[in-house]
Amino acid sequence: MLATSSTTLWYATRATGVVALLLLTITVVLGVLTAGRLRTKRWPAFANAELHKRLSIITVVFLAIHILTSVLDTYVHIGWASVVVPFTSSYQPFWTGLGTVGVDLLLAVMISSALRQRISPRLWRGLHWLAYGSWPVALAHALGMGSDAKYAWLQALAAACIAAVAAAVVWRVRDARRAADLARRSGALTRTLTPVGTPSR
């Protein structure tokens, strides 16, 4: 009975870990696109923000289940303290610790979002950026500690996640450059069309 329970928890840990990584990847991609205010006629910018928010909540749910099943699994000992204190687990302390770092970063984002109306926008943005840092840490945790890391399907999944985030970042950088170029050109055109001797205000 105990062996069956441990096996069930092990499979649950693996499954929820993979799903949490996928959801976190999509959340990060949406966050990057939302920051760049990506929009189309059929998909307004606020839809990105709303989807980003809802997926963030679902990601946290799967992450919570992943953590719970990991701690309850009697095959290895992780311990409750290791959930929030990095590198204190007796089982693969480095890779487990990376997972804890990712959890702590997401906790900081969650708390700052809950207190968004009570903290400055600059502080909120700074803390919110921690979510982007949690993604590579979570990816390293999955590849370093996950029992499925040796299989091609997980490696392909990790490569797809990396490609998706990289594509979003490249688009964001190019979009920022285009916006800066457009602003410079608009400023130059305004100066060119302003008659000489026009008083400035």
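Setting aside neighbours within four places in sequence, S112 is in contact (heavy atoms within 4.5 Å) with I119, W124 and L127. S112 belongs to helix α4. S112 counts as buried because its relative accessibility is 2%. Buried means under 20% relative accessible area, exposed means over 50%, and partly exposed lies in between (1.4 Å probe, protein chains only). The model is predicted: local features need pLDDT of at least 70, side-chain atom pairs count only at pLDDT 80 or more, and totals for chains, interfaces and linings use all residues. Residues are numbered from 1 along each chain as its sequence is written, and side-chain values use heavy atoms, with hydrogens and water left out.

The protein chain contains seven helices and zero strands. Its pattern along the sequence is α-α-α-α-α-α-α. Helices (H or I, at least four residues) and strands (E, at least two) are DSSP runs, numbered from the N terminus. The chain has 201 residues, and buried residues make up 32% of them. Some contacts join residues at least 6 apart in sequence; of these, 61% link residues at least 24 apart. The chain exposes about 13100 Å². Carbon and sulfur atoms supply 69% of that area. Accessible areas come from the Shrake-Rupley method with a 1.4 Å probe, and for residues only the protein chains shown count as cover.

Helix α4 covers residues 93–114, and helix α5 covers residues 121–128. Their axes lie 8 Å apart, at an angle of about 155°. Axes are lines fitted to C-alpha atoms, for helices over the stretch in contact, and angles run from 0 to 180 degrees between N-to-C directions. Helices α4 and α5 are therefore roughly antiparallel to each other. Angles under 35 degrees count as roughly parallel, over 145 as roughly antiparallel, 65 to 115 as roughly perpendicular, and the rest as oblique. The crossing of α4 and α5 is left-handed. In a left-handed crossing the near helix is turned anticlockwise from the far one by less than a right angle; clockwise gives a right-handed one.

Which residues of α4 and α5 meet? On the α4 side they are V109, S112 and S113. On the α5 side they are W124, L127 and H128. The residues of this α4–α5 contact divide into three nonpolar, three polar and no charged. Here Ala, Val, Leu, Ile, Met, Phe, Trp, Tyr, Cys and Pro count as nonpolar, Asp, Glu, Lys and Arg as charged, and the others, Gly among them, as polar.

Helix α5 also packs with helix α6, which covers residues 130–145. The angle between α5 and α6 is about 5°, and their axes are 5 Å apart. That angle makes α5 roughly parallel to α6. G126, L127 and H128 of α5 meet L130, A131 and Y132 of α6. By class, this contact has four nonpolar, two polar and no charged residues.

T27 is buried, because its relative accessible area is 7%. Beyond its neighbours within four places in sequence, T27 is in contact with H52, L55, S56 and T59. T27 and L55 are 28 residues apart along the chain, yet their C-alpha atoms are separated by 6.2 Å.

V76 sits in the loop between α2 (45–72) and α3 (81–84). V76 counts as buried because its relative accessibility is 17%. V76 and Q92 are 16 residues apart in sequence. Their C-alpha atoms are 9.8 Å apart in space.

Q92 lies in the loop between α3 and α4. Phi of Q92 is near 40°, a positive value in a residue other than glycine. F87 is found in the loop between α3 and α4. Phi of F87 is near 60°, again positive in a residue other than glycine. At 44% relative accessibility, F87 counts as partly exposed.
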